[in-house]
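Subject: Structure for you to look at

Hello,

Here is the structure I said I would pass on. Please open it beside this email and follow the notes as you read.

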Amino acid sequence: MSDATKPRNLKNAADRYRAGVIKYAQMGYWQPDYEPKDTDILALFRITPQEGVDPVEAAAAVAGESSTATWTVVWTDRLTACEHYRAKAYRVDPVPGTQDQYFAYIAYDLDLFESGSIANLTASIIGNVFGFKPLKALRLEDMRIPVAYVKTFDGPPTGIVVERERLDKFGRPLLGATVKPKLGLSGKNYGRVVYEALKGGLDFTKDDENINSQPFMHWRDRYLYCMEAVNRAQATTGEVKGTYLNVTAGTMEDMYERAEFAKELGSVVIMIDLVIGYTAIQSMSKWARRNNTILHLHRAGHGTYTRQKTHGVSFRVIAKWMRLAGVDHIHAGTVVGKLEGDPNAVQGFYNVLREPHNPVDLQRGVFFEQDWAGLRKVMPVASGGIHAGQMHQLLTYLGEDVVLQFGGGTIGHPMGIQAGATANRVALETLVLARNEGRDIWNEGPDILAAAAKGCLPLKAALDTWGEITFNYTSTDTPDFVATATAA
Amino acid sequence: MRITQGTFSFLPDLTDAEIRAQIEYCLANGWAVSVEFTDDPHPRNTFWEMWGQPMFDLRDAAGVMSEVTACRKAYPNHYVKVNAFDSTRGWECVRLSFIVNRPKEEPGFALERQEAQGRNISYATRSYAARKPEGERYA
């Protein structure tokens, strides 16, 4: 036995810090008696250790690799208050219904993090550890952000309440549509879609995530035609209207230039994509706050790491980070549409974005109590394969502080875009009215819509075209404490 | 044209029974109902005239309805809306707002464009009715 692997007396500091390799659990990263402090950042990981790897040692390794540790003992630990800086795995539970997965709870001292920096927070928590060989797979399921850290972030520049006051729209979900086809339209034709949809009754239209500045449509041209459409629609309806002008670009300088032009033209909202990165998002949030602009975030790319249950980062964690980073809108699932989304999991995401305080809610995948300390609320956006015939389900599942986006469900209407928009708006107002009157919209919804369609031809045509369309697939990302198929 | 501000403007004008049902919903949520009116319906005219203060202490739908009726009677050719205010922490804002009276004729808005450099246009929305002085707009 070499000196490096010889058993050592951990109580003796000289022996503990002798050069060589010891288990992470022995290095102090496993502390089952640890009581997390109110100021600690807490993380819950789903770990799938390689065969033969003890789950406690795996949890300790995750704590170590996401805080101070490296693979071997280093004497330079002794130059620091190393016990303070070590993350502590304090609880490991088997995941219900699985053979090889464990929930590991880890506490991080606040001193490990820079104020107001998602980049720093994530560089620690998900920086190195996801490629760690002793683990087959690793997923960050949830985090508790202590109030002390929440208060170092500005949060959403506008928030749900101020957005509603600015738009003068209360008591119902907002309605939007993404312009389709998402690529290929000229600026003038693109603006036509915006005008028709807004005039017909939508509150917002939206650039898609990959509409930036391509050969078929330069960004300035798009902005000019879109703002003509927005202003025309406002004058025609007497309502405030908006279109999310996507400012995503290759550099911050380009994004600022585009955002400035959007502001100059009087747009109430700009848009960014998640793929621009956390620091860029925080910079654009500062810009939006400085310029009284609503900031819409499209979660482009998230499915690469949020969807699979055993590896990656849960969207509820992304939702928390984005509320801190400061966006006003974020796509968070539809439950009933074409994209992934278990009802309970999606409601968990919505609660994280909209509530002032989240209690532990295992059924919805919320593992920690979270106090948002007055941080403004993010408006979730439901987009992707939804139509007027599902309005009662959307309202029941998602509530009224949400943007419902019907792209195909507006633009694909057999009577045209305006009619498509009108169908959605009439369906929505009809069901909000009925819900407020105390009617059971979940069960009576189809009848209520059919009755409204008698006085509204566009709604009738929408129901005739899409009434039967559902996307019934089992979700992959479901909470562990219930198992359901996506209902539609 | 029909101005579509407010929660239910895409539906046929609400009957008194329907208005009352919405007021009951607001009161059941603990919100304070108020009535406002204007003859300047510009989309960014935030401050309509208040028909008295929000009725914080009036928890009876019939009583609120009588205020709605009185405002409509006093201003039969104005826009009148019912608002519900929620004073709970984190909201402190209107939660429902819908039009319950509108002028017989709604002439709508003109969009004025001022051409500027680089194809920029600055836009102004002007109400045809608001060209006349307050009180004479929807005679």
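Predicted model: local features only at pLDDT ≥ 70, side-chain atom pairs only at ≥ 80, totals over all residues.

The barrel

Chain A holds a closed barrel made of eight strands. As background, strands of a sheet pair through backbone hydrogen bonds, and the pairing can be parallel or antiparallel.

Strand β9 of chain A covers residues 294-298, strand β11 of chain A covers residues 329-331, and the two pair in the parallel sense over two bridges. Which residue of β11(A) stands opposite Leu297(A)? It is Ile330(A).

The nonpolar core

The largest nonpolar core has 169 residues. Within this core, Val62(A), Ala89(A) and Ile106(A) touch the most other members. Helix α17 of chain A, residues 417-436, gives the core its largest share, 11 residues. In general, nonpolar side chains tend to be buried together in soluble globular proteins.

If neighbours within four places in sequence are left aside, Ile106(A) is in contact with Ala43(A), Phe45(A), Val62(A), Ala63(A), Ala87(A), Lys88(A) and Ala89(A).

Chain B

Chain B has two helices and six strands. Read from the N terminus, its elements run α-β-β-α-β-β-β-β. The C-alpha atoms of chain B fill a box of roughly 55 × 40 × 25 Å along the principal axes. Of its 139 residues, 29% count as buried. Taking contacts in chain B between residues at least 6 apart in sequence, 53% join residues at least 24 apart.

Where the chains meet

How many residues of chain B are in contact with chain A? There are 31, and they touch 31 residues of chain A. On the chain B side, the elements that give two or more residues are α1 (16-28), β4 (93-101), β5 (109-115) and β6 (121-127). The largest share, five residues, comes from β4(B). By class, this side of chain B has 19 nonpolar, nine polar and three charged residues.

Regards

How values were computed: Residues numbered from 1 in each chain as written. Chains lettered and ligands numbered in written order. Pairing = 2+ DSSP bridges. Helix = DSSP H or I, 4+ residues; strand = E, 2+ residues; numbered from the N terminus. Core = buried A, V, L, I, M, F, W, Y, C linked by C-beta atoms within 7 Å. Buried ≥ 20, exposed ≤ 12 C-beta atoms within 10 Å, placed from the backbone. Contact = placed C-beta atoms within 7 Å. Nonpolar A, V, L, I, M, F, W, Y, C, P; charged D, E, K, R; others polar.
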